[in-house]
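Let's walk through this structure together, one part at a time.

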Amino acid sequence: MRKVTFLHFVTALILLSSCSDTPKKDPETSAWKDYPEYTAELNSSIEQDPENAGLYMERARLMFEKGDDSLAYLDARKAVSLKPENPLYQYLLGNLAFENNEIAEAQTALREAIRLDPRYKEAWLRLAKIQFDLRDYEAANKTLENMSRELPEQEQAYFLFGLIKREIGDTASAIRNFKEAVKLNNDYFDAYMQLGLVLGARLDPLGIEYLDNAVRIDSNSTEALYARGKLYQDLGKFRAAVADYDHITRIRDDYAPAYYNVGWINFKVGQYEAAIGYFNEAILADDTYADAYYMRGLSYQAFGNNTEAQRNYEACLKVNPNHKLAAEMLALVKEGQK
């Protein structure tokens, strides 16, 4: 089940006003035995005031926070049936419908929220993000274009434009859009990350500057530190790369790729014993790390220890029988022992 940030859900509920008519029992909501114990007070309130849409949305919020998404979704639908003209309710239904894999209903509710309030930024962005996740890039792009006419210069819109352009292979447009996003918001972590990754894939040193900004915003982000370390590594700046990888393993001692990459760097500069130590750490963190077994085998072979090399190539192939390089090196080791 897909999870989304629900800050807007909570914020919206603070703004909700409710009205009530003469209480009457609603057969759709009288089966309180179906609801969790923690909703007992709201259940009672709804039984007394079954036409109060705000109560259903409050119960939906509570259940969503507890992970009872299906019941929360039903309450959101009930609230919308009572107050379909409320864009907040439509937006919240759109989110909960998506949580419950009711994709068509989610999009319909979000479009209705936008129709009711054309300047409802969160509804525009949520609809575009759903379309992006569905890989309907044409629809997502159209949604963002329409949003930009109502709400120009939105950094989140530029960011999503950038993701779409990246996915369709228009790297230059992706970079332009990500740059517009950080121009509007100098602390836009995700946009800096995308710029660093896209430029890093080109081995463009400018990617380091954007990743520096990502680390500035979150100095303990293993994602940002790893991306910067890997770009330093790919650019041959091994000392800086190792510093970032060491920082990562101080934050998370089970971050296998960081140990592996330091091992690879040590292997690259001929420090085979140190390399083995780091590959050991990578395998301790993740005993299914096929490449770590392979590189540890190469390191042992560089020492002339073909027995350990063979053992590691075999371990690599046990984890990944299709590891072509390990199969080739194992054959060579065996041939040399004849």
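A salt bridge here means a side-chain nitrogen of Lys or Arg within 4 Å of a carboxyl oxygen of Asp or Glu. In general, side chains of opposite charge can pair when their charged atoms come close. Before we look for some, a word on the model: it is predicted, so local features need pLDDT of at least 70 and side-chain atom pairs count only at pLDDT 80 or more, while totals for chains, interfaces and linings use all residues. Residues are numbered from 1 along each chain as its sequence is written, and side-chain values use heavy atoms, with hydrogens and water left out.

How many salt bridges does this rule give? The count comes to 14. One of them joins arginine 77 to glutamate 105, with the closest N and O atoms 3.2 Å apart. This pair links distant parts of the chain, since arginine 77 sits in helix 4 (residues 69-82) and glutamate 105 in helix 6 (residues 103-116), 28 residues apart. Helices in this text are DSSP runs of H or I with at least four residues, numbered from the N terminus.

Arginine 77 is partly exposed at 40%, and glutamate 105 is partly exposed at 22%.

Next, find arginine 252, which forms a salt bridge with aspartate 254; their closest N and O atoms are 3.0 Å apart. Arginine 252 counts as partly exposed at 37% relative accessibility, and aspartate 254 counts as partly exposed at 40%.

Because they are three residues apart in the helix, about one helical turn separates arginine 311 from glutamate 308. Salt bridges can also share partners, and in this way Glu58, Arg61 and Glu65 are joined into one network.

Finally, turn to helix 17 (residues 290-303), which has 14 residues. Ten of the 14 are buried, so this helix is mostly covered. Among the buried residues are Tyr293, Tyr294, Met295 and Leu298. What covers the buried residues of helix 17? The cover includes helix 15 (256-268), helix 16 (272-285), helix 18 (306-319) and helix 19 (324-336), where contact means heavy atoms within 4.5 Å. Just after helix 17, look for glycine 304, which takes a positive phi of about 85 degrees.

Definitions and conventions:
Helices (H or I, at least four residues) and strands (E, at least two) are DSSP runs, numbered from the N terminus. The expected span of a helix is 1.5 Å times one less than its number of residues. Buried means under 20% relative accessible area, exposed over 50%, partly exposed in between (1.4 Å probe, protein chains only).
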